[in-house]
Amino acid sequence: MKKLCVLLLSALTVATVVSSVQARGIASGREFDTFRLPNSTVPTHYTLRLDTDVHRGVFEYTGNVQIRINVLEATNQIVLHSLRNEISNLQLRNGAGLTVAVRNYELDEEKEFLVINVGTTLQPNSGTYTLEIDFTNSIDRTDQAGFYKSSYEDDEGVTRYLGLTQFESVDARTSFPCYDEPGIKTTYDIRIVCGIEYHARSNAPLLGIKLLEGGKKLSTFATTPRMQTYLVAWLVSDFVYEREVLTEPQLAIATWAKPSSAHLLSYSVDASKRFMRAMEEYFGQQYSMSKIDNVAIKDSDYAAGAMENWGLVTYREQAIFYDPAQGEQRQIGVVTIVGHEFTHQFFGNLLAPKWWSYLWLNEGFARLYQYYVGDISHPELNLRQRFITGPLQTALRADDSLTVRPMTYYIDTRQGISRLFDNIAYDKAACVLRMMNYALGERTFQKGLRYYVQQNKDRGVVEESNLFDALEQAAKEDAVLPISLSMHDIFGSWSNQPGVPLVKVRRDGNEYYFTQERYVANDPPPEPFTNAWWIPISFSTPSNTEFEKRPAFWMPPNVSEVMYEIDTAEGETVAFNPKSTGYYRVEYEEAMLRELIKGLNKDHTTFEASARARLLDDTLNLAHSRGHNYEMALQLFSYLQKETEYVPWMVAYDNLRDMQVRLRSNEKASGLLQAFVEKLASPMLEKFGANQQQGESASVQELRTIAIELACGASESCKAVAQSAVSSVARGARRHYSTTDSALLCSGLQQATGDQRKAFVGQISQTLVDKTVDDIFTKQNLKQSLSCAGSDMAKVESYAKLLFALEETDRTKALHRLLVESKVPLADVVESLQSELSLRNSNSVYRNKIPKVLLEVARYVTEPSEMQLLNAATAAYAPWIATEIEQQLKANRRWLDLNLEPLDSLSRVRGGGTARTTVLPPFEETGVAISSATGPLQAR
């Protein structure tokens, strides 16, 4: 049973009854047994007017929406979405403007439906109807969704309010009644009333302004393109802007922000201009409107991070602001976030997903091309290599559990849809798209995407089969696929089943034998997996790079073994997936792995940096999941003493930090691991030093940061610099802090006395509340460094508030610093989370962050008492993720059971208080026969 509000129009009174909505159109005769709207009526145009008083600090607003509707099936009901809207008047008119009787309307609170019971049966092909609704609502809400308020303090200390929107995924309905599904696209005419000193912005260009009485004005906007409700957006503020108008074709690009941040907008405008033009050229499609605005929202008021609203893109301030003194690292952040949201203007906006099942068609493309088109628009930033260290690593970790979902996955509830915005939709989908880009060849893949856009942009709604059709057309035209293969079969094997493949390779002379299985980091289920994929196998040797990106062959699913012949010169080794273009892990037989390690330690430059990274990541993860072969894994990692390139070290760093997490509760093992990583990273610290240099690249800065984090404790000169950094902050905060500064502060705090930490925390506390310090980056970096102060940070801010305030990447770093480096008891962190959550209602901004924070904390939990605490928090605040939490805790214990004893062998390689590398027995001299030809692929 569910509560329904039945409103009788004749009396304009509200009666509350306990019932089920059962009145249905005669077309279906069904109850509301789904969260999907019925298909009996569809909107063809919205005219929306809003009257706001946010300029006066009044948060209620009134609205009028007129929805033109077509009837598809005979029905006596019109069903759309509405939540939070107080309806004051509702009427229905036919095409002639005559009133159509409405008996009443009902609000299905569970389904969030507005059900309008019509006094007659509406027939299809009977012309257009207009549904007009007057309503009131409020922007004074705590969930940072729908139409809500934000604020800032001006130079006189006066609070200035603004109103903004965040509708994805299902919150347009909370701001005006509408058909709130992603596959329903139509046009919008929007008009907004606000204070005369304020501006209104919306998706489409401004057509005109009319002055009204009472110090207000009406802004009217052009008709939008056909779009779905979650992209509708508006902003009511007194923000200022920086704008550049491009020609041929004309396009106005602007960034809006509070007045005191006007000096931080130039780079985002330039990045937007360069990315937009590169994107239009790459996809062969012109952006569809004459303007696009970026809007910077106060970080604490914008949980979404960024949103691709068509023509009015919103971001957190820290994502879009740039000060020239910040250098290349910050440029990368601005370009990639702008690139992500601008890519959505085509993939997501122009081409909308038919349902949330296909969210990956939005987010996968946006994640991939923020790097790949970004590399075209900003070649100086070398963004393509960062895909390997970012999305690829994230996806491989997310996709190795038993509970992970496939890319295409149906769900229809509000909570379930929200959970689809995960690493599978973003990072795995990007990896699979990138793999197909290389498997078909970039020109063919690009051609296929152009077909995809052109063939579907008029209808504007897509599902995965539309992409597969377009790619297959291009692949067949360019003859890059065997005739017997279909993109539907190939791509479908990746989008419709969960998990990442493990390709096992063994060698017999010049014959290489391949098998595949699903890789999981924890115990496989009792019944064997049935997953199997079409896998593009690539390889390289020192003398043969023909197939280093494109596939030598497609490994078919559901065969026991595949053989492929590869010619090699004497002494050459073969590396598979050498460019990390394939989305799979590789397990080499022992003899092959020994050859690779031997070659890597002899001269690592004979292998591509991406190949070195892939070998490091696959080998250590396989050792973790099996609990053996650490001797070779550590021998492999020992080559890092000679490594100075970004990609291998970032991947190694990711793995070493994961080991630190796993071993944090075992003092002996974690100490031995720390000695080992200091040995590996010390040469890099010596090369780059602890002090950053003017004008150096982001890659060099990040390598120095890694070296400081891993090895500063073993370097007297680094420790001195780190201690000086802490003392400097204690004396007063400066304007800018880089990731290197942050690493030095953390290292210095580990050595600091109690009094030094208190002085440091005291200065940060003063800076965070100092209104004269308006630099968000100073405050952000200092706030993040609090996690290095251990339990002392709680004097400034609770662990929970810090974790909820941070973006996902920063939150991961903060947890590591708290629990691994500062050794804060995990129970204290969980108790802080529980305390904070108990003060928040279920509709607060924390709603969407709770599962992510709890799952992140779960990675650190190993002790029974910790498990009990976390399970209690999960049961109270996020019971829907209990299974995932249980799987993570089980995986943690299994990892320790498998790996603690083998890793304890590190004690045998420690000498004089420092680690030395494990010395393996001499490699066997394997006589490799040289083959004269590459034979055919054989499957069996």
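Modeller: Here is a walk through that site, one residue at a time. This is a predicted model, where local features need pLDDT of at least 70, side-chain atom pairs count only at pLDDT 80 or more, and totals for chains, interfaces and linings use all residues. Residues are numbered from 1 along each chain as its sequence is written, and side-chain values use heavy atoms, leaving out hydrogens and water.

An unreviewed UniProt entry puts "binding site" at His340, His344 and Glu363; the positions follow the numbering used here, the feature name is shortened, and such annotations may be inferred rather than shown by experiment. These residues span 24 residues in sequence, yet no two of their C-alpha atoms are more than 8.4 Å apart, so they gather at one spot.

Take His340, which sits in helix α3 (residues 328–343); helices here are DSSP runs of H or I, at least four residues, numbered from the N terminus. His340 counts as buried because its relative accessibility is 5%, and buried means under 20% relative accessible area with a 1.4 Å probe, protein chains only. Not counting residues up to four places away in sequence, His340 touches Glu363, Ala366, Arg367, Gln370 and Tyr426, where contact means heavy atoms within 4.5 Å.

Now Glu363, over in helix α4 (residues 360–377). Glu363 is buried too, as its relative accessible area is 1%. Leaving aside neighbours within four places in sequence, Glu363 is in contact with both His340 and His344, as well as Glu168, Glu308, Phe421, Ala425 and Tyr426.

Conventions:
Helices (H or I, at least four residues) and strands (E, at least two) are DSSP runs, numbered from the N terminus. Buried means under 20% relative accessible area, exposed over 50%, partly exposed in between (1.4 Å probe, protein chains only).
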